[in-house]
Structures are given as C-alpha cells and as structure tokens.
Amino acid sequence: MWAATVARNLYQRTRASTGIISSLSRTLQPLAGPQTSSGRTAGSGSVFLQPGTGAAVATQTRSVSSLQPRRRKHKKAQKGRVPVRTGGSTRGNYIAFGEYGIRVKEGVRLSAETISAIHTMFRRKLKAIKDLKIWLRVFPDIPVTTKGTEVRMGKGKGAFDYWACRVPKGKIIFEMKGSGLNTELAKDAMRQAGFKLGVASEFVAASDLTRQPSKCDMPPTTIPFQQAK
C-alpha cells in the first residue's frame with residue numbers, strides 16, 4: 001500500500017513538471033526569431049522577470065551570424081542587377097566611422113553567409129586588439145530564390161534560399177578601429193577578407209583623401225545637360 005502511494009505521487013509530479021516544461025517551451029518558441037528554409041533562426045531571444053510586477057519581458061537581439069531584415073513587404077524579389085553609378089554618386093565610397101576599410105573594385109552581390117564569414121575572421125584574427133570596433137557598411141536585405149537542377153520551366157518562382165545585397169563598384173564594405181590596431185595588422189586582415197569576396201578589392205586607410213568631404217568640396221552628382229545642335 002505504501003509503495004503504491006509513493007509511485008502514484010511520483011507519477012503525478014512527473015506529469016506536472018512535463019506540463020510546465022511543455023508550456024514554457026511553447027512560450028519561448030516565438031522568441032527564437034523566424035526561421036529560414038534551411039532551419040536557421042533569424043535572431044536570439046531572452047526572457048527575464050520585471051522587478052516589482054513579476055511579469056515576463058521578452059527581448060530579441062540580432063547577431064552578425066543571422067543577417068536578415070526584420071520584416072519585408074514581399075517575400076520574394078526579382079533578381080535585378082548590381083547598380084552602375086553613371087551620375088557621379090560617391091555614397092559609401094569614403095571612410096565614415098573607422099580608421100581602416102576594404103573597398104571593392106568591381107560590382108558584386110554578396111550573400112549574408114559571406115559577410116558573416118568575413119566578420120568571424122576579423123574577430124578571430126584580431127581578438128587580441130583592445131576596444132576593437134567593426135562597422136558593416138552594407139546589409140543583405142534582398143531575398144534570393146533557387147530551383148533544383150533539371151527542373152522544367154514554369155511552376156512559379158523557386159523557394160527562398162538566402163539573403164544578399166548588391167554592392168556597386170567603389171563602395172566600402174567593412175571598417176574597423178581599435179586602440180592597438182596598426183596598419184600592418186589591419187592590412188593583413190583585409191587581405192584575407194578579399195579572398196572571401198570573390199572580386200578585386202583594395203585596402204583603404206583614413207586620410208584627407210579617403211574621408212568623406214564636405215558638401216562644398218564634393219563634385220556635382222549630375223552631369224549638366226548639353227542641348228544637341
């Protein structure tokens with residue numbers, strides 16, 4: 001009789017704890033962020049109790065390993081082309097935040113995975129630098145879809161695969177700055193980053209020529225129209 005009572009109590013406690021865990025997992029599931037077609041989450045979430053009221057407050061943070069827009073009006077987009085600046089625009093061609101940067105010499109479409117890999121390489125190679133700051137000047141906000149091999153034409157657009165961004169020629173992608181960062185270390189890190197880009201790139205150091213000029217010193221952004229005679 002005593003053994004049966006103990007077994008019944010253990011069974012009831014096990015069911016109660018299982019119900020609490022399942023309800024907690026259902027509550028925390030939306031905080032992990034939306035998932036892509038590959039099953040990767042878009043962000044990490046955390047829950048803490050608000051002092052005084054005891055209410056649960058959820059916060060969501062974005063990491064470099066999951067670069068994607070928070071929301072988008074349309075789920076899919078056309079492929080498009082890398083923009084070619086024919087009007088003299090210089091937006092994003094100058095160093096604005098850090099002391100060193102990497103600039104592409106050709107137009108390219110970069111994926112979020114490539115940008116994350118470059119950022120991870122920077123953190124590992126320059127982990128000994130104190131107060132290291134890295135700025136990302138581009139952001140992957142264009143959805144790219146793919147279809148399987150040997151698939152016939154038609155049947156609609158393919159499924160979502162990854163996020164990408166179009167980078168025009170001459171634009172700076174990364175900038176960095178640190179108290180113990182010198183030119184040699186930064187140049188070597190940017191050289192390794194160029195291997196992952198897949199296009200020609202160059203190392204840029206902050207100077208009077210690479211800093212963003214004032215509006216009075218900038219060239220005109222439009223070519224004056226000349227009427228043909």
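Q: Hi! Which residue does Arg 211 form a salt bridge with, and how far apart are the closest N and O atoms?
A: In this predicted model, Arg 211 forms a salt bridge with Glu 99, and the closest N and O atoms are 3.4 Å apart. Arg 211 sits in the segment after β9 (201-205) and Glu 99 in the loop between β2 and β3, so the pair ties together parts that are 112 residues apart in sequence.

Q: Nice. Is Arg 211 buried or exposed, or in between? And what about Glu 99?
A: Arg 211 is partly exposed, with a relative accessible area of 29%. Glu 99 also counts as partly exposed, at 31% relative accessibility.

Q: How many salt bridges are there by this count?
A: The count comes to five salt bridges.

Q: OK, tell me about another one. What does Glu 202 meet in a salt bridge?
A: Its side chain meets that of Arg 103, at 3.2 Å from N to O. Glu 202 belongs to strand β9 and Arg 103 to strand β3, so this pair ties together parts that are 99 residues apart in sequence.

Q: And is Arg 103 buried or exposed?
A: Arg 103 counts as buried, because its relative accessibility is 17% and the cut-off for buried is under 20%. Glu 202 is partly exposed, with a relative accessible area of 28%.

Q: What about Asp 188, which side chain does that one meet?
A: Asp 188 and Arg 191 meet in a salt bridge, with 2.6 Å from N to O. The two residues are three apart in helix α3 (residues 183-197), which means they are separated by about one helical turn.

Q: Which residues are linked in a network with that pair?
A: Lys 125, Asp 188 and Arg 191 are linked in a network of salt bridges. Within it, Asp 188 is partly exposed, with a relative accessible area of 25%, and Arg 191 is partly exposed too, with 43%.

Q: Let me step back. How many helices and strands does the protein chain have?
A: There are three helices and nine strands. Going from the N terminus, the order of elements is α-β-β-β-β-α-β-β-β-β-α-β.

Q: And what share of the residues counts as buried?
A: The protein chain has 229 residues, and 28% of them count as buried.

Q: Now the strands. How do β4 and β7 pair?
A: Strand β4 (residues 108-111) pairs with strand β7 (residues 159-167) in the antiparallel sense, over four bridges.

Q: How does β6 pair with β7?
A: Strand β6 (residues 142-146) and β7 are antiparallel as well, with five bridges between them. Here Thr 146 has Ala 159 in β7 as its bridge partner.

Q: Where is Lys 157, and how far is it from Thr 146?
A: Lys 157 lies in the loop between β6 and β7. Its C-alpha is 8.1 Å from that of Thr 146, and the two residues are eleven apart in sequence.

Q: Which residues form the positive surface patch?
A: Lys 157 is one of them, along with Lys 75, Lys 76 and Lys 147. Lys 76 comes from the loop between β2 (56-61) and β3 (100-104).

Q: How accessible are Lys 76 and Lys 157?
A: Lys 76 counts as partly exposed, at 32% relative accessibility. Lys 157 is at 45% and also counts as partly exposed.

Q: Switching to the backbone: what is the phi of Asp 131?
A: Asp 131 has a positive phi of about 55°, although it is not a glycine. You'll find Asp 131 in the loop between α2 (112-125) and β5 (133-136). Asp 131 counts as exposed, at 63% relative accessibility.

Q: And what is the phi of Glu 150?
A: Phi of Glu 150 is near 60°, again a positive value in a residue other than glycine.

Q: Where does Glu 150 lie, and is it buried or exposed?
A: Glu 150 lies in the loop between β6 and β7. With a relative accessible area of 84%, Glu 150 is exposed.

Definitions and conventions: Residues are numbered from 1 along each chain as its sequence is written. This is a predicted model: local features need pLDDT of at least 70, side-chain atom pairs count only at pLDDT 80 or more; totals for chains, interfaces and linings use all residues. Side-chain values use heavy atoms; hydrogens and water are left out. Patches are made of residues with over 30% relative accessible area and no salt bridge: like charges are joined within 9 Å, nonpolar side chains (Val, Leu, Ile, Met, Phe, Trp, Tyr) within 5 Å. Accessible areas come from the Shrake-Rupley method with a 1.4 Å probe; for residues, only the protein chains shown count as cover. A salt bridge is a side-chain nitrogen of Lys or Arg within 4 Å of a carboxyl oxygen of Asp or Glu. Lys and Arg count as positive and Asp and Glu as negative; His and the chain ends are not counted. The place of a charge is taken as NZ of Lys, CZ of Arg, CG of Asp or CD of Glu. Buried means under 20% relative accessible area, exposed over 50%, partly exposed in between (1.4 Å probe, protein chains only). Two strands pair if DSSP finds at least two bridges between them.
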